Amino acid sequence: YRKMVKSRVVLGKVYMALGVIEILAMCLIFQGPGEFAGNFYLYSGLAVTVCGFLIVRKNKKILSMDQKMAKMEVWEKDERLRAIGTRAWAMAGYGMMLLLYLAILVFMAWDPQVARVLLLVMLGFWTLVLVFQIYFRKMM
């Protein structure tokens, strides 16, 4: 479990680096905030950097306290919580597909280009579901 928590610290640092790279790219491409795209890159880069920092801080805190780490390990490996998480992701995926389908129906009459993009997003999602099902069937 300690190895997994350490890998989360590394992941948090990667998020922080990606956020900073995004902010720097925004500064180079858009010459500062002001327009919509520039603001988008600035604030999403800040958000990714802050999330990365919070991930690092939380997991370093867990690593520093053995008793808390043992408690978190039991909590994270709880079968009931894993089942709830899996079910929540599945239901969110079904809900998203329903919303995408409804949006495709609306935009097909209004702006077909947007409908095509939404259709590609839906196709990409189902392709990922299929790929991961094949992968996990071979791995488990």
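The questions and answers below go through the helices of this predicted model and some of their residues.

Residues are numbered from 1 along each chain as its sequence is written, and side-chain values use heavy atoms, with hydrogens and water left out. In this predicted model local features need pLDDT of at least 70 and side-chain atom pairs count only at pLDDT 80 or more, while totals for chains, interfaces and linings use all residues.

Me: What distance does helix α1 reach from its first C-alpha to its last?
Reply: Helices here are DSSP runs (H or I, at least four residues), numbered from the N terminus. Helix α1 covers residues 2–30, which is 29 residues. The expected span is 1.5 Å times one less than the number of residues. The expected value for α1 is 42 Å, and the span in the model is close to it, at 42 Å.

Me: Against which helix do the buried residues of α1 pack?
Reply: Buried means under 20% relative accessible area, exposed over 50%, and partly exposed in between (1.4 Å probe, protein chains only). In α1 the buried residues are V5, V9, G12, G19, I23 and M26. They pack against residues 36–64, helix α2.

Me: Are α1 and α2 roughly parallel or roughly antiparallel to each other?
Reply: Axes are lines fitted to C-alpha atoms, for helices over the stretch in contact, and angles run from 0 to 180 degrees between N-to-C directions. The axes of α1 and α2 are 7 Å apart, and the packing angle is about 160 degrees. Angles under 35 degrees count as roughly parallel, over 145 as roughly antiparallel, 65 to 115 as roughly perpendicular and the rest as oblique. The pair α1 and α2 is therefore roughly antiparallel.

Me: Is the crossing of α1 and α2 left-handed or right-handed?
Reply: A crossing is left-handed if the near helix is turned anticlockwise from the far one by less than a right angle, and right-handed if clockwise. For α1 and α2 the crossing is left-handed.

Me: Which residues of α3 do I62, L63 and S64 in α2 meet?
Reply: Helix α3 spans residues 66–76 and packs against α2 at about 110 degrees, with the axes 5 Å apart. That angle makes α2 roughly perpendicular to α3. Contact means heavy atoms within 4.5 Å. I62, L63 and S64 of α2 meet these residues of α3: D66, K68, M69 and M72.

Me: The backbone oxygen of which residue lies 2.8 Å from a polar atom of the side chain of T49?
Reply: T49 is in helix α2 and counts as buried, because its relative accessibility is 18%. Leaving aside neighbours within four places in sequence, T49 is in contact with Y15, M16, G19, V20 and I23. The backbone oxygen that lies 2.8 Å from a polar atom of its side chain belongs to G45.

Me: With the side chain of which residue does the side chain of S44 make a polar contact?
Reply: S44 lies in helix α2 and is buried, with a relative accessible area of 19%. A polar contact is a pair of N or O atoms within 3.5 Å; within protein, one must be able to donate a hydrogen and the other to accept it, and residues adjacent in sequence count only if both atoms are side-chain atoms. A polar atom of the S44 side chain lies 2.8 Å from the backbone oxygen of F40. The side-chain partner, at 2.3 Å, is E22.

Me: How many Å apart in space are L63 and P112?
Reply: L63 lies in helix α2 and is buried, at 19% relative accessible area. Not counting residues up to four places away in sequence, L63 touches R2, V5, K6, V9 and M69. L63 and P112 are 49 residues apart in sequence, and their C-alpha to C-alpha distance is 52 Å.

Technical notes:
Helices (H or I, at least four residues) and strands (E, at least two) are DSSP runs, numbered from the N terminus.
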